Amino acid sequence: MISAAKREDISGALRRGTVPGSGLDTFAVGVDAVAPVIDEELERVAAGRGAFKAVRGEYGSGKTFFGRWFQERARSRGFAASEVQINETETPLHKLETVYRRLVERLGTADAANGAFRSVIDGWFFALEQDVLAEGVDADDESALLARTDALMEARLATISKAAPAFSAVLRAYRQAVARGDGSLADGLISWLAGQPNVAASVKWAAGIKGDLDHFGAANFLAGLLVILRDSGYAGLVLVLDEVETLQRMRADTRERGSNALRQWIDAIDAGRYPGPYLLITGPPAF
């Protein structure tokens with residue numbers, strides 16, 4: 001049984017001609033043939049491998065519906081999931097920093113369909129603390145607990161820190177701000193870590209960083225997020241890139257850079273650079 005509120009959300013979205021945000025499994029049809037294959041691929045990703053799939057179909061054939069049904073199914077199996085609508089001005093594919101920002105904004109888990117980024121970070125730090133306490137550190141010794149947690153964080157992110165030292169620097173500053181009860185600084189640091197622009201200079205100064213997140217930094221931050229998800233017990237990350245065919249309507253140079261960025265993503269996943277991603281793109285047959 002589904003609740004009356006969810007029934008109203010579903011029927012309201014269908015009246016508007018949009019895809020409901022949840023409850024898709026209750027009325028999805030035509031997916032029985034692909035569900036076992038999807039589940040097998042999710043199991044392989046959960047075992048540490050990456051996956052890529054392209055869903056093709058004409059406009060109005062249900063690609064967006066399938067992508068959201070897929071996210072919902074993945075979340076129920078312990079994955080985090082997110083969807084990014086590719087757009088020429090707001091989320092061009094060749095500017096990974098914008099894709100990363102939208103990914104983080106729409107990051108969802110079984111507990112929260114959207115906006116789960118901060119809770120994932122906080123849950124990870126809690127897990128690190130539990131590991132430190134299990135080593136015999138006194139829970140009442142806050143300074144020792146903080147220091148050992150920072151050291152464990154650095155060890156878990158050692159590979160990421162070599163390419164993107166700002167990732168662990170901001171996490172360290174965030175952890176210290178939370179411990180001091182400095183909510184304003186913690187909010188600012190999380191915003192910068194999520195790729196948001198226009199973060200106050202004082203916030204960046206507190207973490208010893210400069211500027212905003214760029215394309216190359218975003219690629220490493222995505223790898224860092226995947227490490228945190230794995231370390232927190234999630235099976236992996238499902239990322240749906242919807243309306244990728246908008247590349248076809250862009251200028252030739254922009255289209256070329258976007259196509260090259262997508263190729264690089266697929267190559268990186270195939271090479272095992274990212275731990276546990278499932279990348280799904282949608283588009284019409286012509287694309």
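Predicted model: local features only at pLDDT ≥ 70, side-chain atom pairs only at ≥ 80, totals over all residues.

Visitor: Why is E243 called partly exposed?

Guide: Its relative accessibility is 34%. Buried needs under 20% and exposed needs over 50%, with partly exposed in between, so E243 at 34% counts as partly exposed.

Visitor: What is the phi of E243?

Guide: Near 60°, which is a positive value in a residue other than glycine. N198 also has a positive phi, about 60°, and N198 isn't a glycine either. You'll find N198 in the loop between α9 (183–193) and α10 (201–207).

Visitor: And what makes N198 exposed?

Guide: The relative accessible area of N198 is 72%. The cut-off for exposed is over 50%, so N198 gets that label.

Visitor: Back to strand β3, where D242 lies. How do you know that D242 has no salt bridge?

Guide: The nearest side chain of opposite charge is R68, and R68 is 5.5 Å away. A salt bridge has to be within 4 Å, so D242 goes without one, although D242 is buried.

Visitor: Which side chain does D242 join in a polar contact?

Guide: That of T282, at 2.4 Å. The limit is 3.5 Å, so the pair D242 and T282 qualifies. Leaving out residues up to four places away in sequence, D242 touches T64, E83, V84, Q85, I86 and T282.

Visitor: Now the helix α11, residues 215–231. Why is α11 called largely enclosed?

Guide: Because 13 of its 17 residues are buried.

Visitor: How far does α11 reach, and what span is expected?

Guide: From first C-alpha to last, α11 reaches 25 Å, close to the 24 Å expected at 1.5 Å a residue. After α11 comes G233, with a positive phi near 100°.

Visitor: Which residues does P275 touch?

Guide: Setting aside residues up to four places away in sequence, P275 touches A223, L226, V227 and R230. P275 itself is in the loop between α12 (252–270) and β4 (277–283).

Visitor: And is P275 buried, exposed or partly exposed, and why?

Guide: Partly exposed: its relative accessible area is 28%.

Visitor: How far apart are P275 and P165?

Guide: They are 110 residues apart in sequence and 19 Å apart in space, C-alpha to C-alpha.

How values were computed
Residues numbered from 1 in each chain as written. Heavy atoms only, no water. Helix = DSSP H or I, 4+ residues; strand = E, 2+ residues; numbered from the N terminus. Buried < 20%, exposed > 50% of the residue type's maximum accessible area, 1.4 Å probe, protein only. Contact = heavy atoms within 4.5 Å. Expected span 1.5 Å × (residues − 1). Lys, Arg positive; Asp, Glu negative; His and termini not counted. Polar contact = N/O pair within 3.5 Å; in protein donor to acceptor, adjacent residues only side chain to side chain.
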